[in-house]
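These are my notebook entries on what I looked up, written in the order in which I went through it. I give each term its cut-off where I use it.

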Amino acid sequence: MTRPTQDADPLIAIRDLSVSFATSAGPAEVLRNVTLDLGRGRIVGLVGESGSGKSTLASAITRLLPANLSRLDGGILYEGRDLLAEPEAAVAALRGSRFAMIFQDPMGALNPVFRVGTQLVDLQRAKAPKASRRDRMARAVAMLTRVGIPDAARRIRDYPHQFSGGMRQRIMIAAALLCEPDLLIADEPTTALDPTIEGQIVALIDELRHGFQGTILLISHSLGLVSHLCDDVAVLYAGALVERGPAAAVLGAPRHPYTRALLACEIGADVVRRATLATIPGDAPDPTRLPPGCVFAPRCSQAIDSCRDAVPELRPVDGDGGHAAACLLV
Amino acid sequence: MRLLRRIGSRLATTALVLVGAVALVFALTLVIPGNPAQALLGPRATPEAVQAFSHAMGLDRPVAERFALFLWNVLRGDLGNDVVSGRPIVTMVAEVLPYTVSLTLSAIGLAILFGVPLGCYAATHPGSLIDRVAAAVSIGFIAIPNFVVAILLLMIFSVWLDWFPVLGVSRSGTLGDQLARLALPALSLALGWIGYIARLLRASLLDVLGEAHIRTLRAYGVAERVIVYKYALKPAAIPTVAVLGLGVGRLLGGAIFAEIVFARPGIGTLVYDAIASRNYPVVQACVLVVVGLFTLTNLLVDLSYAWLDPRIAKAEER
């Protein structure tokens with residue numbers, strides 16, 4: 001199945017998004033001037049190290065940001081509306097009906113003291129407020145069968161602790177698909193799973209995406225997973241979008257030094273016999289004390305003096321193919 | 001089937017506790033200094049009268065035989081006779097028990113009715129004015145003993161404002177009259193518990209509301225009302241239910257004071273009068289009944305855990 005390439009009319013257009021949190025060490029700038037389009041029907045991979053702001057970006061779209069939020073600037077455009085300017089209730093109405101989420105930890109994402117069926121019925125409330133409990137239960141059984149839960153009609157009466165981690169993540173995927181969302185945000189959906197189970201869940205997502213009409217935002221720090229599943233890739237470093245574009249271009253011909261370094265760190269089959277694994281020297285900067293200029297400059301092997309003067313803008317690197325990088329050297 | 005097995009094993013434990021309680025209550029007669037018959041009849045009783053009374057009560061028989069007889073009688077539902085009036089104690093207890101049970105249940109009901117919404121509100125609005133006022137008032141009422149609260153309520157609402165009848169129960173009156181006479185005693189017992197439940201529930205709700213499964217519900221646009229009162233309240237209720245189960249013991253103790261202050265008939269007044277007149281078979285019976293009620297409540301609390309948290313039921317099966 002072919003998918004449309006870069007979209008002139010994206011589902012979600014993130015414009016100059018900046019998010020800061022109040023901490024005891026001062027304001028932490030978790031996202032800075034992020035501009036990104038999530039194309040209709042595309043799978044967009046969002047990669048970056050822990051703390052790079054990946055999950056915060058997802059939370060900003062659904063407006064489920066923590067209470068210590070101190071700054072929220074820019075815009076998130078969806079269907080001609082700016083989600084950041086809308087009243088809280090208007091955005092809340094989109095959750096579960098237009099937006100759905102799959103979380104990293106399938107052990108904690110389900111309530112331990114309610115039956116799986118009860119929870120799947122309530123999670124559909126926003127999508128199908130008028131449907132009867134029986135209808136929603138029937139839809140849940142059908143969806144659980146589709147995501148590979150054997151004997152779903154009986155198992156739906158079980159509690160979450162009676163399922164394995166992989167099965168629970170299947171339940172969460174079923175919950176997300178039941179909402180038939182425009183945007184499905186999968187926040188590290190396989191990180192907490194065993195490698196063999198991870199493979200099964202990746203295969204399931206791969207299989208399900210063909211019948212899925214909406215956009216998927218896949219947050220991951222696994223470049224392998226992203227290159228396998230995604231149409232587009234966006235790379236975040238310390239709250240700044242450093243490179244974005246079609247997956248083949250960004251991962252096949254990375255232009256930003258950070259993306260290249262990330263790819264070099266990936267543990268592939270070919271590096272097993274290498275004496276030492278590649279690492280990026282230094283640590284990610286403290287979000288309360290970001291360096292001036294390019295945030296990656298202090299760790300960048302190619303940095304020149306002017307890198308520390310101004311924050312580089314995201315510039316197209318291949319004409320209008322959609323591939324762009326924020327580096328003075330490209 | 002699983003539930004029946006759970007109830008069976010809990011009932012066995014309960015039976016053991018009750019036999020232990022019977023043994024302790026029986027030991028009461030042994031620890032009373034000197035001859036219980038002498039203590040009962042008073043200093044001016046003739047030796048012959050004491051002897052005759054001891055014989056009538058079976059006090060001249062060996063301890064083991066007396067205990068076996070006592071246990072057997074309790075099992076048959078025979079708690080002996082009142083030494084003053086000669087009436088069967090079972091009848092006396094049965095007459096006043098409904099008053100104590102209705103008082104205790106009303107107090108628990110009031111505590112839940114006001115404590116749970118207050119706790120939920122405080123947990124969803126931490127730091128709000130109502131949360132802070134509730135915290136201060138709760139701690140006040142937890143700290144003040146029941147009988148002081150009882151006397152204050154009596155002063156304010158019955159004597160000054162004249163909203164409620166002062167004393168007693170209405171044995172033959174209408175339901176409304178009976179409820180009016182129940183209101184103040186029940187409130188005096190419940191006030192401390194309203195605050196206690198609210199504080200306890202607030203703390204465990206705040207914990208639960210921070211958990212990942214609540215984030216899932218929010219991300220799917222589930223109404224806050226459903227999140228708090230359904231998905232957060234059930235897991236948060238376990239510590240509160242546990243404390244309430246133990247609290248029944250304290251409530252029954254508090255009921256004694258409330259019954260005395262408000263001159264209500266009940267187990268409390270019965271045991272108070274019995275102690276005053278050294279009517280030890282009645283004291284024994286009352287203690288047994290209170291222990292029985294307490295054990296029964298905790299049996300129910302234990303069984304409710306399995307419903308509140310299915311993981312507990314599973315862990316016990318192993």
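This is a predicted model: local features need pLDDT of at least 70, side-chain atom pairs count only at pLDDT 80 or more; totals for chains, interfaces and linings use all residues.

Entry 1: Residues are numbered from 1 along each chain as its sequence is written, and chains are lettered from A and ligands numbered from 1 in the order in which they are written.

I then looked up the contacts, where two residues are in contact if their C-beta atoms, placed from the backbone, lie within 7 Å. By that rule, 13 residues of domain 1 of chain A meet 14 residues of domain 2 of chain A. On the side of domain 1 of chain A that touches domain 2 of chain A, helix α7 (residues 195-208) of chain A gives the most, with five residues. Helices (H or I, at least four residues) and strands (E, at least two) are DSSP runs, numbered from the N terminus.

**Entry 2: chain A as a whole.** I counted 10 helices and 12 strands in the secondary structure of chain A. The C-alpha trace of chain A spans about 65 × 55 × 45 Å along its principal axes. Of the 330 residues of chain A, 45% count as buried, where buried means that 20 or more other C-beta atoms lie within 10 Å of a residue's own, exposed means 12 or fewer, and partly exposed lies in between, with C-beta atoms placed from the backbone.

**Entry 3: the sheet in chain A.** I followed an open sheet of eight strands with mixed pairing, whose order in chain A is β6-β7-β8-β3-β9-β10-β12-β11. β6 (99-102) and β11 (315-316) of chain A stand at the edges with a single partner strand each, so one side of each is left without a neighbour in the sheet. Two strands pair if DSSP finds at least two bridges between them, and strands β7 (residues 183-187) and β8 (residues 215-220) of chain A pair in the parallel sense over five bridges. In this pair, A:A186 stands opposite A:L218 in β8(A).

**Entry 4: where chain B touches chain A.** I found 18 residues of chain B in contact with 25 residues of chain A. On this side of chain B, α9 (212-219), α10 (224-261) and α13 (310-317) of chain B each supply at least two residues, and the largest share, five residues, comes from α9(B).

**Entry 5: UniProt records.** An unreviewed UniProt entry gives the annotation "domain: ABC transporter" for residues 14-263 of chain A. For chain B, an unreviewed entry places the feature "transmembrane region" at several spans, including residues 282-308.

**Entry 6: one residue of chain B.** B:D131 is found in helix α6 (residues 129-143) of chain B, and, not counting residues up to four places away in sequence, B:D131 touches B:A122, B:H125 and B:P126.

Key
UniProt positions are given in the numbering used here, feature names are shortened, and annotations may be inferred rather than shown by experiment.
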